[in-house]
Amino acid sequence: MNLILRYNALLLCVSSLFAASIAMSSMSVDLGSDSMKVAVVLPKVPMEVALDAQAKRKTPTAVGFRDGERVFGIDAVSMAATRPSYVYQSISSIIGKHIDHPAVKLYRQRFPFHNLTYDESTGQLIFHHPEGMSFTVEELVAMLLEYARNVAEYHSGSVMKTCVVTVPSFYGQAERESLARAVRIAGLELQQLINVNTAVALDFGIFRRNKFTESAQYFMFFDVGYISTTATVVSYQIGKHHQGGKSAQDPILTIMGVGFAPSLGTSSLIYRIRDHFAQVFSESAGIPINILHQNARAMSRLLKEAVRVFTILSANTEATAQLDQLADDKDFRAQITREKMETLCEEEFNAFRKPFTEALTSSGIDLAMIQEIVLMGGGTRIPKVQEILMTLGQRSELGKGLNNDEAAVMGAVYQAAFHTPGFRVLPFVVRDYNAYTIAVDFKRAPQATPTDEKSDSGEANADIRRVLFPRGNPFPQKRAITFNRHTTDLTFYVNYVELRDEESAYLRQSNLTRATTEGVAKAVEKNPGSELRGVKAHFSLDYSGRLTLTGIDCLFFPLAVTDETRKDESVFQKLNNTISRLFGVGANTKSNEELEANNTTENTTVDMENETNSSQPVNQTAANGTETNNRTTENITQNISETSNLTEKTQHTHTNATKELKPFTERIGFHQELLYGPVPSDAEIEKSIKKLRDLRQADEARREREKMANELESSIFTMREEIETTVYITHSTAEERQQLSDMLTNTLNWFEEQDAKTSKEVYEEKLLELRRIYLPINVRVTEAQKRPGAFEELNRTITQALGVLVKMREINDVLYHLDQSMKEKKKLEQKQRQEKVAPADEPLPQTETTKVPDVSEHPPTLTPPSNEDANVSADEDSPPVLIPKPKPSESKDEKPMQTESNEEQPEPPFVPLFADTEMESLKKLAEELRTWITDSVKLLNEAVPHQTPPVRIDDIHSKRILLKSKLVPLETKLTLFQSEMERAHHQQQQQQQRQQKKKASKSKKEKSIPANKTKPEALPDAPAESTAGTTEAPKVSPHLEL
């Protein structure tokens, strides 16, 4: 029972360690439109980029389907050259978008051969494959994420469950929510969606954290990607933030300003070059350009060649494009220079200026304060782009120290480690940038007065707009808005506002959500003794930049509060509001759940506040203000101290009346509707999850089938080669060889006729049929080839056993002689103690517990030694001890004290370390095995090669195992004895060294005593100091003898 419990405990520990290793593993994915990178973080392993199946650090974001088979990465790109309609590329650029979105229109223009539709019920773009399959964009992106997880798991050898995914900074709520659903469909848990520019800035700052000070340092990152271009102004400084309810001082990364062009990237330049090549080929081959554009295969090949030429022109001044039999059996050849490319792409190069200027403008930072313009993205390798940046930035050189391909994924994996329990990363606070202003629109309360019902324009019952998260607002952050005068259910809208024309065109839909409260009237009925002061909605902009309506509360104030107290409270509230507006947050009043702010003025009915947690994670946006705000607070505190004291005195007069009357909240329900488009239901998402699971199982079955087919094919050719060798001919009959050869020929003919529909079981059955004939021959050949080695191993083991046997006998002999020597020494010591007489001039030894009486006062009565007293002194060098004669017993019943007998005790017999039976058994077994080897070799020489051998390799191994079972315990015993002897010898050497050091130290001290201070000799009758230090011994006359 104990064994079972221990086994279960061991399994529990192993499973716990395995679960902990899974929980402490995470990955990041830099999901680009052209390629993706994957990085992993593991316990005790540095964060690193994972290599794919081709040992590449980045993988093309392409997925293809052919005959029900999925291919990814470079294999899918290769398929696109011949079957472009079977492969889907740049999928992430259209995720979460409507079919009328500008990005979708551009995608359909570049990939006209795809059959793309839109489902109005689910808001999903759907690709229809030529083989009859259909996939949503989210499903295709989920497949890419699933492939990224396979790359991470293959590279790390650990199971990946969580991930951080990069997104462009200009993605809106629709794109972010759609990508989050794709992560869920892929079977992963999303830790964070991090903006690409933020991840790059984080990776840049991590390795320079020691260079930052309390003064802000400004950098610009210019990223030219495959689809888009982004310019970012970033601030680094050492500052205070809240961590775990405590104030800490760490590096802070703040995104100050962002400028972007969503449809401007290297793909714009590549497609310009492709269209130029198409025009050149159309003119030279005489093919109309519209006909050429309809040739999907030709345009796909031209695109691939344009990518190659574009890469060459980034480092060279000219390049040559060449394609054989591009269309109508005609070849294409053209030469292009870098100057020609710059002329073709002049419009795109001029457009690169706009993100640069927008980033500077939105940040409010002067160009002279930018320390360095750091290049990011493959497009920044273009000399023309670098020239534009040096002109705009007024620089002679640009920052090129960043890894263009891996900076984003490494910054993202740092966040993955930060979010994963068990990892401890260096604190680095991240304050991201809200790209679009988010506001709340609602109607005024119906019961408002006629004067208040008019808006700023004088229109009655007009819409009211309150900005919730302004442009550039750092996140993650929580905020709330209070509808003060609404005492019934209301409806409000959350929208994008203050959008530029290009932003409105990209987002397409500025309306985000419509929310309606449910249960305000019930909450009022439930609290008749309180007054409803408004409805408060709570919003959260999390780490991923996703906006969430987290809850709605009704605010109640008890009716027992007097008018005078309310007036005093309003004065105090207004005072707090004055301070709060300087910080950009609402005033704080404690409620049951959170700090509530009320910015109510005479003409304003909406209350908006900043909500911050008292204990925030390391990388969460700190809610406290900057140093400027702190100084402002100190000045305001001094100016309003008198007013605050007056208010406190006024409140003190009402303390007893309002002590138990505090405002409180009650949570109510709400209904929320997304306005940027329909989203898939949970049932639709589960359906997509099942589709990917079925595809994954089909891929696994296909791999198993291909593995079995490859094994059958290789076995056919291997068997055919082997049966023609001499060794196989010797150990087989002609009939066996002919039968195997015929079956191999038939199986090979059958194999060449099979297709992808043949199952794994069929291939496996064919392989078993071949092995039924082949294995008997192969066994005989294997026996003949490996038998000499088996005999050699057995002989070595026998020799080893005999060698151990010799050592065992030697040790027994040594121990026997040592035992005899110790017995002789003991006898000699006993004889010497009996004959030894104590010297007359030495003092009596003393013990720590016995005090010898002074012989001058009480001379002892000396008695000759008896046999019982002969063994008192155990040490040969000890001085004789004076023993008083015991007094006779006064009582007749008392018996005299028993003393030890001096008679010799019989010595115990010698017990050897190794018993004779053990040695005899080992010797006998070794001799028997040698005889068995001789007989076996004789039988094998007489046997026929093509028959089953009389002695098998397994028989030889079993004999060796039998000998090992006898030998191993004896070897272990021998090893332990030798190690124990070595340990004892080592201890003895250490003891001798300590004694030598002690003697040397003592002699050194004796030599250091001056000659005139030598100790005088003691008088004969004076007591001498005991060496023990605890008792005194009298000086004994040298004439006294025992």
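User: How much space lies in the second largest cavity?

Analyst: This is a predicted model, where local features need pLDDT of at least 70, side-chain atom pairs count only at pLDDT 80 or more, and totals for chains, interfaces and linings use all residues. Residues are numbered from 1 along each chain as its sequence is written, and side-chain values use heavy atoms, without hydrogens and water. On a 1 Å grid over the protein atoms alone, a cavity is a set of points where a 1.4 Å probe fits but cannot get out. Points are joined across faces, edges and corners, and the volume is the space filled by probe spheres set on them; for the second largest cavity it is about 100 Å³.

User: Which residues that line the second largest cavity are the closest to its centre?

Analyst: Lining residues have an atom within 4 Å of a point. The second largest cavity has 15 of them. The closest to its centre are Y171, R176, N434, A435 and G545.

User: Where does the second largest cavity lie relative to domain 1 and domain 2?

Analyst: Domain bounds come from an automatic or database domain assignment. Domain 1 (20-266 + 351-430) and domain 2 (436-447 + 462-560 + 661-680) both give residues to the lining, so the cavity lies between them.

User: At what angle do helix α4 and helix α22 pack?

Analyst: Helices are DSSP runs (H or I, at least four residues) and strands are too (E, at least two), numbered from the N terminus. Axes are lines fitted to C-alpha atoms, for helices over the stretch in contact, and angles run from 0 to 180 degrees between N-to-C directions. The axes of α4 (residues 137-156) and α22 (residues 682-722) are 11 Å apart, and the angle is about 50°.

User: What is phi of K44?

Analyst: K44 is in the loop between β2 (35-42) and β3 (45-49). Its phi is positive in a residue other than glycine, near 60°.

Key:
On a 1 Å grid over the protein atoms alone, a cavity is a set of points where a 1.4 Å probe fits but cannot get out, and a pocket is an open set with protein on both sides within 12 Å along at least five of seven lines; lining residues have an atom within 4 Å of a point.
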